[in-house]
Amino acid sequence: MDLTSSLGLVIPELVLALSGLIMLLFAAWGGNDAARPVSIASCVALGGAFFLVAPSVCMGLSGADTIAFYGQLRMDAFAGLAKLMIYAAAGAVLVVAPAYFDRIKASRPEFAVLVLFSALGMSIMVSATDLISLYIGLELTSLASYVLAAFLRDDDKSAEAGLKYFVLGALASGILLFGSSLIYGFAGTTSFGGINVAMADGLSGGLLMGVIFVLAGLAFKISAVPFHMWTPDVYEGAPAPVTMFFASAPKVAAVALLARVSLEAFGSQPFAWQQIVGFAAIASIVVGALGAIGQDNIKRLLAFSSINNVGFILIGLATASVAGASAMLVYLAFYTAMTVGSFVAVMMLKDAEGNPLETFGDIRGLSSTQPALAWCLLLIMFSLAGIPPLMGFYGKLVVFQAAVEADLIALAAVGIAASVIGAFYYLKFIKVMFFDEAVDRAKGKSDVAHWALLAIATLVISPVAWLGTGWLGGLADNAAATLFFAG
Amino acid sequence: MSGFPILSVMLLVPLLGAVACFFAQAQMARTVALVATLVNLALGIVLWANYDIGGDQWQFVERANLFAGFQWALGIDGIALMLIMLSVFLMPICILASHSIEKRVGEYMAAFLFMEVLMVGTFAAQDLFLFYIMFEAGLIPMYLIIGIWGGTDRIYASYKFFLYTLLGSVLMFIAMLWMAREAGTTDIPTLMQYDFAPSAQTWLWLAFFASFAVKMPMWPVHTWLPAAHVQAPTAGSVILAGVLLKLGGYGFIRFSLPMFPEASVQFMWLVFALSMVAVVVTSLIALVQHDMKKLIAYSSVAHMAIVTVGLFAFNVQGLEGAMIVMLSHGLVSGALFLCVGIIYDRLHTREIARYGGLSINMPKYALFFLLFTMASIGLPGTSGFVGEFLSLAGIYQVSSWVAFVCTTGIILGAAYMLYLYRRVCFGEQTNADAAAMPDLTLREWVMLGPIAAAVLWMGVYPESFLAPMRADIAALDARLARVKPEGDARLWIGEAAPVQIDEHAAHGGAH
C-alpha cells in the first residue's frame, strides 16, 4: 500500500480540497461579484466528486484494496454511499442558496467555499477508520459549520446561532476527544480495527468510559436526545439554506460515522452501547415529537422533526446488525430527500417583496394560493409522518424490520407508537395549508432551480420510488456488509 | 380470462382517473370521475361473472417482484370479491352524490378515485405489506375529504379520525413484521395456513385487534366515527360507512380468525362483551340524537357489533351472517346517508326537528327512505334480515345470552329508526321551508334506485351473494374446527319418535 495508490483512492477528496482552495482565492480577489460563479463552480466540483465516488458504491467495494494511508481512511462502499448523499445534499444547498442570499442582499462567495470544505470534512468523517482521522474530519466540518451558522453577520439571530453552535460544538468535541484519549490509553491504539481486537478480550472500566464519552460527543453532532438542545435555536437562527445544509449533509455524515465507530471499533462489545443507542433513539423520537407540537416557527418545527427522525435512524443502529446498518442507509437516503424538499419549500415561501416567511400564520390556506407548492409539501409531510404509500414509510419499514429481526420488539413497539405523536404536528402543517382560510401572504415567485429541486425531492419520496427500492436496498445491503468486514 | 391482469387494471383505471381529475376543470373532473368509476363497475361485473364458484380458492392471482422485501401480489376469494363489488358499486353513486360540491372539484374527485384504488387494493392484496400499505394509505384521502370539504367542525373530526386509526394500525404493523420473520413469508394465503405458537398468537391477536377494533369501530373506540360521519360531506359518509368500516370486519375474517385461531377463542368473550355493550349502549344513544347523521352513525356502530359477534361465533351461520350484515350495512347505511344528503342539499340542516311531514310533499323520497329504514331494522324481504338472522342464529349456538342481548339491539334499532322516520316523514308539516322542498330529481333516482334493487335482491335471494363465499367460509370453519368452543345452547336433534304403525291396518290389507 504505497502513497500513490492511497492518493488514487482519495481522488474525490482531492478534487474537493483543490477546488475549495482555488475557490477561496477567487472569493478573496473577486469580491461579492464572484458569488455566483464560485457557487456554480463549487456545485460542479461536488458533481464531479459525486461521479467519482459512484462506481465504488455500484461495485460494492470492500476489503484491503480500499484502505488508504495505512489504515487512516477506508474508501469502501459504505463510505461511498454516505458520500453520495452528502454531495447531493451539499450540491442542492448550493443550487438554492444564491437566490436566497441575493434576495436579502447578503450574497458572498465564501458561502460556497465553506460548504465545499465542510463536504470535504464529511468525506473524511465517513471514511475514517482511525480516531485521529475521525477527529480531523469532524473538526473540518464543524469549523466550517460554525461560520455558516453565523453567516448573516448583521442578523442577531444568526450570530446567536453561530455562537451557540460554536460553544456547544466545542464542548462536544472536547468530550469526544476525552473519550478518544481514554480509549487510546486503555486499548493502546487509535485504529478502529485495533480497538475492536482490544475490546474483544473484555471491556475494562476505562474503555467503557471512553465508549460512553465518544458516543456522547457523536450524539451531539447528530442532535440525538439528550444532546439536542442546540438544534432548534441553531436551525431557527441560521439562514434557511444553512439550516437545510445542517439538517441534511452533516447529519448523514455524523450518523454514518457513528455507525462505523459503533459497529467497527466497538463492534466486539455491542452490549456496551446498544442500550445507550436504544435509549437515545426512543428519547429522540419522543422529545422530537412532543417538542414540535407547540412550535409556530416552521424551521424550529423542522428542527424537532430532524431530532425525531434521528431517533428512527438510531433504532437501526441499536440492532447492531447488517440489516440494521443497511436500513439506516435507506432511511438516510429518504430522510435527505425529505429534508431537502421541505427546506426548499420553506425557502420558496416569501411575501411579494421577497422577504422570507417562516411561521404557520403565513402559510394559512396556501393550497388555494400556491397549489403546486402546497401539494408537494403535503406529500413530504405525510412522508415524514411515515404514512404509506410514501417513501418515508419505507424507511420506517426497513428500520423496524431490522429491529424486529434483532428481537428488539419492545423498542420497535414503543418507537412506532411514539411516531403517532409525531404524526400530529405533520398533520398540523397540512391542516394549516389546506383546511384554513387563505391569508394569501406567500406571493413571491420562485425561480426554476427551486421548483426543480422540489420536484426531484417530491418524486424521490413519491410512491413511484417503490420501484427503486430493490435497487436501493441492494446498494445499501452491500454497503452495510462492508462495515462488518474484519479489518 | 386467464392472463389478463384484471385486478391490476381495476387499480389502474381509477388511479389514472385520479391523476386526470387532479388537473382537470370542475365539469371535466365530474365527467372523468363518473366514467372511471363506471368503467371500474363494469370491470367488477366482468370479475364476478368470471369468478368460478367452487373453483380454486384464490382466483385472478397476479404475482410480480417489483419491490424489495415484498411482492405485488393480488388475488381474490369469494369474500374479497363481494367486498370489491360493494366498493365499485358504491363509487359511481358517491360521485353522483357529490353534485353539491362546488369547491376544488378536481381535487375532490381525485381524492375519491384514489380512495377507490386503495379500497380495491386492500381487498385484493395477497401480500402482508401490500395490504398494510393499501389499508393505511386510505387515511390520506379520507383526512383530506373530511378536512377540506367537511362541515364546520371538520378539523377536530379529521384529526380524531386520523390519529385514532393510525395509533391502532402501527401496532399491527410491528406484529406483521414479526409474523413475516417468524413464518419467513409475507404471502397471505400461506400465512392463513401457518400455525403460530399459541403464546405468540395472544400478542399478535391483540396487535391486530388494536387496528381492526378501531376501524370497525367497536365500543369504546368508536368515538371517532360519529365525529367523522357528521362532518364529512355526504359522499364521504357513504364511503366511510359503506366500505371503510368493512375493512375492520375483513381484517378479522382474513387475519385474526384464520391466522390466530387459538387466540381468537381466548379473546372471544372480550369481543362478545364489547359487542354486547355496543349493541345496547349505542342503540340507546342513537335514540336521543337530534342530528340525523349522528343517529345513523351510532346505528352503524350497533350493526358492526352484530358483525363481530357473528364472526366470533366460530360457525358457518355466524360467518355467513357477518358477511351479509357487512354487505347489507354497506348498502343500507350508504343509502341512508344519501337520503340525509338529499334533504340536506335542499334545507342545509341535519336537525331532525327542522323536517316533518315529508311524505306529503316528497312521496317518492319517503318511499325510498322507508325501504332503507326497514332494511336497517331488518325487515324480512330486505337484506338486513338475512344477515342479522344468520348472525344471531350463529351466535345462539355459542351463547344464548349473547344472542339474547344482541337481539334487544334489533328491537332498539327498530325503535330509533322508526322514531327517526316518524319525525322526518310523517306528522304535520310544521316547517314551511321543509314543506316546500321538491321531490327527487332524476339524478337522485339514479343514485337510490340501484341500491334499493340490490337491497331487495339480497333480501329475497341472498344465495347470489352467499354462493361465491360458501367455499371460503367452509374452509375458514374447517380451520377453526379445532378450537370451536362448546356452546351453551345444547342444540341437538332428538331421536326421531318411533313411528306408530297401526298393526291392524298394516295387516288388515293382507286379509
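This is a predicted model: local features need pLDDT of at least 70, side-chain atom pairs count only at pLDDT 80 or more; totals for chains, interfaces and linings use all residues.
**Entry 1: chain A overall**

I began with the make-up of chain A, whose secondary structure comes to 20 helices and two strands. Next I looked up its extent: the C-alpha trace spans about 65 × 55 × 40 Å along its principal axes. I then checked the radius of gyration of chain A, which is 21 Å; a compact globule of 487 residues would have one near 23 Å, so the two agree. For burial, I noted that 62% of the 487 residues of chain A count as buried. I also looked at contacts in chain A between residues at least 6 apart in sequence, and 79% of these join residues at least 24 apart.

**Entry 2: where the chains touch**

I turned to the contact between the chains, which takes 26 residues from chain A and 26 residues from chain B. On the side of chain A that touches chain B, the elements giving two or more residues are H17, helix H18 (409-435) and helix H20 (469-483). Which of them gives the most? That is H18(A), with 13 residues. Sorted by class, this side of chain A has 19 nonpolar, five polar and two charged residues.

**Entry 3: UniProt features**

I looked up the record for each chain. For chain A, an unreviewed UniProt entry places "domain: NADH:quinone oxidoreductase/Mrp antiporter transmembrane" at residues 128-422. In the model, residues 128-422 of chain A are 78% helix and 0% strand, and the end C-alpha atoms lie 34 Å apart. For chain B, UniProt lists "domain: NADH:ubiquinone oxidoreductase chain 4 N-terminal", again from an unreviewed entry, at residues 64-120. That span of chain B is 63% helix and 11% strand, with its end C-alpha atoms 18 Å apart.

**Entry 4: cis peptide bonds**

Most residues other than glycine have a negative phi, and most peptide bonds are trans. Where did I meet a cis peptide bond in chain A? One joins A:Pro388 and A:Pro389, with omega about 5°. A:Pro389 sits in the loop between helix H16 (371-384) and helix H17 (391-405) of chain A. B:Pro217 falls in the loop between helix H9 (198-215) and helix H10 (224-231) of chain B.

**Entry 5: positive phi**

A:Lys105, which is not a glycine, has a positive phi near 55°. I placed A:Lys105 in the loop between helix H4 (77-103) and helix H5 (110-127) of chain A. B:Phe314, another residue other than glycine, also has a positive phi, near 60°. This one lies in the loop between helix H14 (292-311) and helix H15 (316-347) of chain B.

Are these two residues buried or exposed? A:Lys105 has 7 other C-beta atoms within 10 Å, so I call it exposed. B:Phe314 has 24 such atoms within 10 Å, so I call B:Phe314 buried.

How values were computed. Residues are numbered from 1 along each chain as its sequence is written. Chains are lettered from A and ligands numbered from 1 in the order in which they are written. Helices (H or I, at least four residues) and strands (E, at least two) are DSSP runs, numbered from the N terminus. A residue is buried if 20 or more other C-beta atoms lie within 10 Å of its own, exposed if 12 or fewer, and partly exposed in between; C-beta atoms are placed from the backbone. Two residues are in contact if their C-beta atoms, placed from the backbone, lie within 7 Å. Ala, Val, Leu, Ile, Met, Phe, Trp, Tyr, Cys and Pro count as nonpolar, Asp, Glu, Lys and Arg as charged, and the others, Gly among them, as polar. UniProt positions are given in the numbering used here, feature names are shortened, and annotations may be inferred rather than shown by experiment. The radius of gyration is taken over C-alpha atoms; the globule rule is 2.2 Å times the number of residues to the power 0.38.
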